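Thanks for coming. I have one structure to go through today, and I will start with the overall picture before turning to two local details.

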Amino acid sequence: RVDNQNAYLDTNAIERERGITIFSKEAVFSFGGREITLLDTPGHVDFSAEMERTLQVMDYAVLLVSGADGVQGHTMTLWRLLERYQIPVFLFVNKMDQDGVEESAVFTQIQQRLSDNCVAFGREEDGFMEAAAMCDENLLEEFLESGTIAKENLCRYIRERKIFPCFFGSALKLTGVEEFLQGFTQYTVVPDYPEEFGAKVFKIARDEKNNRLTYL
C-alpha cells in the first residue's frame with residue numbers, strides 16, 4: 001500500500017516518502033496461464049518523461065483514471081501520447097469506493113473526453129457486447145446476426161484501437177481487480193515475435209554501486 005510506504009515497486013526513499021511513483025519499474029507475474037511483464041510508470045505530470053520512455057516498448061497500456069477526480073488534463077495528455085504511439089489501451093477506473101463517486105457519471109465523462117469507443121467491459125456480457133457492436137459496422141452486423149461477437153474479433157478491434165475496454169473498481173480494497181485481470185488476459189493477444197533476436201533499449205539507470213543498467 002502506498003499510504004503504508006511499502007508499495008512493491010516504489011522502492012526509492014523519495015517515492016516512499018511522497019507516496020508516488022517517480023521512476024519506472026518492471027515486474028513479471030503470471031495470470032491465467034500467461035506471463036506478463038508490467039512496466040509501472042509515474043502518473044504525476046512532473047515525471048512524464050520517465051513514463052514516455054516506456055511507450056515505445058509497450059504491447060498494451062493500462063490507463064488508470066481516478067473515479068474521484070475524473071478525467072484530468074494530464075489524463076488527456078497521456079491519451080494523446082498513446083494515440084501517437086498507436087498503443088491499444090485498457091482503462092481501469094480506480095477509487096470507486098469513495099463517497100459520491102458514480103460509475104455512470106465517470107463513464108460518461110470518459111466517453112466525452114477520451115473516446116466514444118470506450119466500452120464498459122465489467123458489465124454483463126450482453127451489455128458490453130452490445131456496446132462494443134456500436135463501435136463498428138462489421139461488429140454491429142455480426143452482433144445482429146448471432147447475438148454475440150467472437151472473442152478473436154473483439155481482440156482484433158482492441159488491438160487496432162477501435163475499442164477501449166473500461167473496468168471499474170478499487171485497488172485499495174481489491175474490488176474489481178481480478179475481474180480486470182481476467183478481462184485483460186482474455187482480450188489481449190501475445191505478439192508474434194520474429195525468430196531472430198531483437199531488442200530496444202528504453203531506459204538507462206544506475207544501481208546502488210553505480211553500475212550501469214540497460215533496460216531492454
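The protein chain has 8 helices and 8 strands. Keep in mind that this is a predicted model. There are 216 residues in the chain, and 39% of them are buried.

Next, helix α4, which runs over residues 103-113. Which of its residues are buried? They are Val 106, Phe 107 and Ile 110. These residues lie on the same side of α4, because the arc they cover around the axis is only 95°. And what do they pack against? Three strands: β4, residues 89-94; β5, residues 118-120; and β6, residues 164-168.

The second detail is Glu 142, a residue of helix α6, which spans 137-146. Setting aside neighbours within four places in sequence, Glu 142 contacts Gly 147, Thr 148, Ile 149, Ala 150 and Asn 153. Look at Asn 153 in that list. Asn 153 is 11 residues from Glu 142 along the chain, and their C-alpha atoms are 9.8 Å apart. The side chains of Glu 142 and Asn 153 are joined by a polar contact of 2.9 Å.

That is what I have on α4 and Glu 142.

Methods: Residues are numbered from 1 along each chain as its sequence is written. This is a predicted model: local features need pLDDT of at least 70, side-chain atom pairs count only at pLDDT 80 or more; totals for chains, interfaces and linings use all residues. Side-chain values use heavy atoms; hydrogens and water are left out. Helices (H or I, at least four residues) and strands (E, at least two) are DSSP runs, numbered from the N terminus. Buried means under 20% relative accessible area, exposed over 50%, partly exposed in between (1.4 Å probe, protein chains only). The arc is that of the directions from the helix axis to the C-beta atoms. Contact means heavy atoms within 4.5 Å. A polar contact is a pair of N or O atoms within 3.5 Å; within protein, one must be able to donate a hydrogen and the other to accept it, and residues adjacent in sequence count only if both atoms are side-chain atoms.
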